[in-house]
Amino acid sequence: MSLYGGLPLASKRVVWAWGFLAIPIVFYTVVRFYPTANAALISFQDWNLLGERTWTGLDNYRTLFADPVFWKVLGNTFKYLLLGTPFSLILAFLIAWQLDKVRFLHGTIRALYFLPFMTSAVAMAWVWRWFYQPVPIGTFNNLLASFGIQQIAFLNSTTNALPAILAPAVWAGLGFQVIIFMAGLRAIPKTYYEAARIDGVSSWTIMTEITLPLLKPTIVFLVVFSSIGFLRIFDQVFNMTTNNPGGPLNSTKPLVLMIYDTAFNSFDMGYAAAQTVVLFVILLVVSLLQLRIMRERS
Amino acid sequence: MPLGAAPVDPIRSGSTKPNGDEVPGHVPPRPRRTPKRWGQTVRWLILFGGGVLMVMPLVYMLSTSFKYSFEVYNLNLIPEEPTLENYAYVLGDGRFLSWLWNSTFIATVTTISNVLFDSLVGYTLCKFEFRGRGIVFIAILSTLFTLQPGDVILTGTPSGVGPVVRGDSLHGHVAGVGDLRVSVT
């Protein structure tokens, strides 16, 4: 007490400042930075979670890059990214752009689009999984059957399964993207549109010269966030293919699911950590590339 | 009025001319459905239909929760024999309530700790001057912006700043350009 009481006022403020910052700093160090650094360390070791950790150098990375499953899984991960991000963002933009002009029941329609975002990904994965089942069970195939259309093997086909799993992920994220796009559209000053209307500018020019350029911060934010989301897809895949996670024949397995399998089914922690480091590097590179490209365009 | 089929609004239904002049003793005709109004109606219908499609999985989930297992594979939205059996089953064995408690607990603790500690950090960075403040602040800002050399970070209001009052003298100086003095009288 006397130690603190004897300090000058400026030092007391420093004590308070670092006192306020202490808990978040300790939390981040213990819960974020330490495990991250530890994962990077384990990726150079061989460890089955219980035994000794032995140093193996780059062995895990060599095994990984020679593993055909890894390349298949990496391809799947980028399929989720390259199909999911453009499709969901274009759809969300079209909805937000049109919904912005609607007044009648505006809030209700917005709520309809936003509701799926509030539901749990795990629960909805099981509902969609039920929709996709073959005829006596699955809703989609029952609907097709009632119109006399041929059945579609959704989750049992190596070509259809990935888009079928992507659909509920896009569906669940759409509402959030619509809301963010609408906020971005509202932030564009109306004076630009008035000026354009007085000058008799075509609606296409208004879109490409006013709306899209001024919406760029919103677009950058959504592209980066949804890309990270699709690169880390796991819940939908794991729950919709539980009897054979990532199946059929690894056709839907994303990188995160491969990490999960290696770590918690094979208990090969070093190998899983190496995969995690690779995923981290991919996320970092993709995010930085997007930020750089989107910034340069202005 | 995006829906053209509701011309009940007396202001818009044509009791005045477009320039606002009243037309005495004349009941103007209802406005026709112009192509623009058709466009608005079609836009509304598509957006509303899309919204309904978006919640259909949730509606099916809700409807199925009131169905007996033999009726689950029926496409009907309204169950033929509604039942609360599923709810009784889920709530009956007590595990669901403990799961619900777990979720509530995590959500509450996370929210409270976020609000508490984030406001502590925000307040500290905003109001205190201390060694290391710059590093913490730049660390947080760097996650939001790419900082370049020469960037100036301005936060809050420095002490001593206030409204300009009579008697104040304002001095401006830009190196290489010159000085400016303004006296407020």
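The paragraphs below describe a predicted model.

**Overall form of chain A**

Chain A contains 14 helices and two strands, and its C-alpha trace extends over about 70 × 65 × 35 Å along the principal axes. The radius of gyration of chain A is 25 Å, whereas a compact globule of 298 residues would have a value near 19 Å. The chain is divided into two domains, domain 1 covering 2–42 and domain 2 covering 66–296, and the C-alpha centres of these domains of chain A are 38 Å apart. The overall values are collected here.

| Property of chain A | Value |
|---|---|
| Radius of gyration | 25 Å |
| Distance between C-alpha centres of domain 1 and domain 2 | 38 Å |
| Span along the principal axes | about 70 × 65 × 35 Å |

**Interior of chain A**

Of the 298 residues in chain A, 29% are buried. When contacts between residues at least 6 apart in sequence are considered, 67% of those in chain A join residues at least 24 apart. In soluble globular proteins, nonpolar side chains tend to be buried together. The largest nonpolar core has 54 residues, and those with the most contacts inside it include A:Ala92, A:Leu99, A:Ile165 and A:Val178; helix H8 of chain A, residues 161–186, is the element that gives the most to this core, with 13 residues. Which residues does A:Ala92 contact, leaving aside its neighbours within four places in sequence? They are A:Leu174, A:Gln177, A:Val178 and A:Phe181.

**A hairpin in chain B**

In chain B, strand S1 (residues 169–174) pairs with S2(B) in the antiparallel sense over six bridges, with B:His173 standing opposite B:Asp179 of S2(B). Three residues lie between S1(B) and S2(B) in this hairpin, and B:Gly176 in the turn has a positive phi of about 85 degrees. Strand S2 of chain B, residues 178–183, is hardly covered, since the count of buried residues among its six residues is zero.

**Contact between the chains**

Where chains A and B meet, 29 residues of chain A are in contact with 26 residues of chain B. On the side of chain A that touches chain B, the elements giving two or more residues are helices H2 (9–42), H4 (68–99), H5 (106–118), H6 (121–131) and H7 (139–146) of chain A. H2(A) gives the most to this side, with eight residues. By residue class, the side of chain A that touches chain B divides into 22 nonpolar, four polar and three charged residues.

Definitions and conventions
Residues are numbered from 1 along each chain as its sequence is written. Chains are lettered from A and ligands numbered from 1 in the order in which they are written. This is a predicted model: local features need pLDDT of at least 70, side-chain atom pairs count only at pLDDT 80 or more; totals for chains, interfaces and linings use all residues. Two residues are in contact if their C-beta atoms, placed from the backbone, lie within 7 Å. Helices (H or I, at least four residues) and strands (E, at least two) are DSSP runs, numbered from the N terminus. Ala, Val, Leu, Ile, Met, Phe, Trp, Tyr, Cys and Pro count as nonpolar, Asp, Glu, Lys and Arg as charged, and the others, Gly among them, as polar. Domain bounds come from an automatic or database domain assignment. A residue is buried if 20 or more other C-beta atoms lie within 10 Å of its own, exposed if 12 or fewer, and partly exposed in between; C-beta atoms are placed from the backbone. Two strands pair if DSSP finds at least two bridges between them. The radius of gyration is taken over C-alpha atoms; the globule rule is 2.2 Å times the number of residues to the power 0.38. A nonpolar core is a set of buried Ala, Val, Leu, Ile, Met, Phe, Trp, Tyr and Cys residues joined through C-beta atoms within 7 Å.
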